[in-house]
Amino acid sequence: MGIVLLMDIATWNVNSVRARLPRLLPWLEQRRPDVVCLQETKCLDEVFPREPIEDLGYHIECFGQKTYNGVAILSKSTPEDVIRGLPGEGEDADKRVIGAIVDGVMILNLYVVNGKEVGSDKYAYKLEWMDRVAELVASNYPMDEKVVVTGDFNVTFDDRDIAEPDLWRNKILCSEAERAAMAKIMEPGLSDAFRVHCEEEGQFTWWDFRTRGFQRGNRGLRIDHFLMSPPAIEACTQVMIDREARDGEKPSDHAPVIATLS
DNA sequence: ATGGTGGGTTCCCCA
């Protein structure tokens, strides 16, 4: 008799955890995910809004900075073996990585560098940063364990992940080098869990505020992902994009994505 | 259309 696992793991780029509290708190109450990986929390750990989230029964592990970036893991069970940042980083490095083991599942939560524009300095930084993530995954995450690498990857896999693929051809979030960097992260044995369950095009997780892409006919991209090891893929029964959370008053520009392991 | 909107901070940056 093994342990019965029934676990909803969510990922959500909230674009400021403090600004998003009026959406995050009711969403936690409604969806009650067991684990929530947040990105772009945009605050120092000492001002992370712990109380209202703890009141809903969540442990909080956060790794933030002022203004930019910031990640957190909320979990109903106590997280173990928490890691913050990439190996060898200095104190001033971007806060983009937090990991933990929750109920035996090895979770790695990433806010991947955006990269601004193909060929820019930030683009080079993105590729180099993703290379370091690949190193971490290859050396510290055994593929015979349940491994879930999730977050905002700022990379699409193929044309199905892009509302207007010809407009985005070889642009940021869609270039071959970014996709190769994704493939390198996944090389030890991770798969795109969403595509195990859904082959359809037009399934997006991010819509640009500036072009009003959500309101103007679902003009989005799929850039928030669940990469899973074979035992996690085996346990994963569905991956759903919660479009409702992208609608309404003061949403983030990203929808949450929820994976169920059973 | 090299913008647009939104969040955080500072008189602009990042997405």
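The buried residues of helix H1 pack against strand S1 (7–13), strand S2 (35–39), helix H2 (50–54), strand S4 (71–75) and strand S12. In this predicted model, H1 spans residues 21–31, and its buried residues are Leu21, Arg23, Leu24, Trp27 and Leu28. Viewed along the axis of H1, these buried residues fall within an arc of 160°, so they line one face of the helix. The face of H1 turned away from that buried side carries Pro22 and Gln30, both of which are exposed.

Arginine 31 also belongs to H1 and, with a relative accessibility of 25%, counts as partly exposed. When residues up to four places away in sequence are not counted, arginine 31 touches Met240, Asp242, Glu244 and Ile258. With one of these residues, aspartate 242, the contact is polar and is made between the two side chains, at 3.0 Å. The C-alpha atoms of arginine 31 and alanine 10 are 9.6 Å apart in space, although 21 residues separate the two in sequence. Just after H1, arginine 32 adopts a positive phi of about 45°.

Aspartate 192 is located in S9 and is buried, its relative accessible area being 9%. Its side chain is joined to that of arginine 222 by a polar contact of 2.7 Å. Leaving aside neighbours within four places in sequence, the residues in contact with aspartate 192 are Phe157, Met186, Arg222, Phe226 and Leu227.

DNA strand B is surrounded by 17 residues, of which Ser16, Arg20, Thr67, Lys122 and Lys250 are the closest. Of the atoms of DNA strand B that come within 4 Å of the protein, 63% belong to sugar and phosphate. The residues of the surface near DNA strand B comprise eight charged, five polar and four nonpolar residues. In asparagine 114, a polar side-chain atom lies 3.4 Å from a sugar or linking oxygen of DNA strand B.

Positive phi values also occur at two lysines. Most residues other than glycine have a negative phi. Lysine 116, in the loop between strand S7 (105–111) and H3, has a phi near 60°, a positive value in a residue other than glycine. At 56% relative accessibility, lysine 116 counts as exposed. Lysine 250, which lies in the loop between strand S11 (236–241) and strand S12 (257–261), likewise has a positive phi, near 45°, and is exposed, with a relative accessible area of 66%. Lysine 250 is also one of the closest residues to DNA strand B.

Finally, the cysteines were examined for disulfides, and a search of the whole structure finds zero. The cysteine sulfur closest to that of cysteine 37 is in cysteine 62, at 13 Å, which is too far for a bond. For cysteine 62, the closest cysteine sulfur is in cysteine 43, and at 7.0 Å this pair is likewise too far apart for a bond. Cysteine 37 is buried, with a relative accessible area of 0%, and cysteine 62 also counts as buried, at 4% relative accessibility.

Terms used. Residues are numbered from 1 along each chain as its sequence is written. Chains are lettered from A and ligands numbered from 1 in the order in which they are written. This is a predicted model: local features need pLDDT of at least 70, side-chain atom pairs count only at pLDDT 80 or more; totals for chains, interfaces and linings use all residues. Side-chain values use heavy atoms; hydrogens and water are left out. A residue is near a molecule or strand if one of its heavy atoms lies within 4 Å of it. A polar contact is a pair of N or O atoms within 3.5 Å; within protein, one must be able to donate a hydrogen and the other to accept it, and residues adjacent in sequence count only if both atoms are side-chain atoms. Ala, Val, Leu, Ile, Met, Phe, Trp, Tyr, Cys and Pro count as nonpolar, Asp, Glu, Lys and Arg as charged, and the others, Gly among them, as polar. A disulfide is a pair of cysteine sulfur atoms within 2.5 Å. Buried means under 20% relative accessible area, exposed over 50%, partly exposed in between (1.4 Å probe, protein chains only). Helices (H or I, at least four residues) and strands (E, at least two) are DSSP runs, numbered from the N terminus. Contact means heavy atoms within 4.5 Å. The arc is that of the directions from the helix axis to the C-beta atoms.
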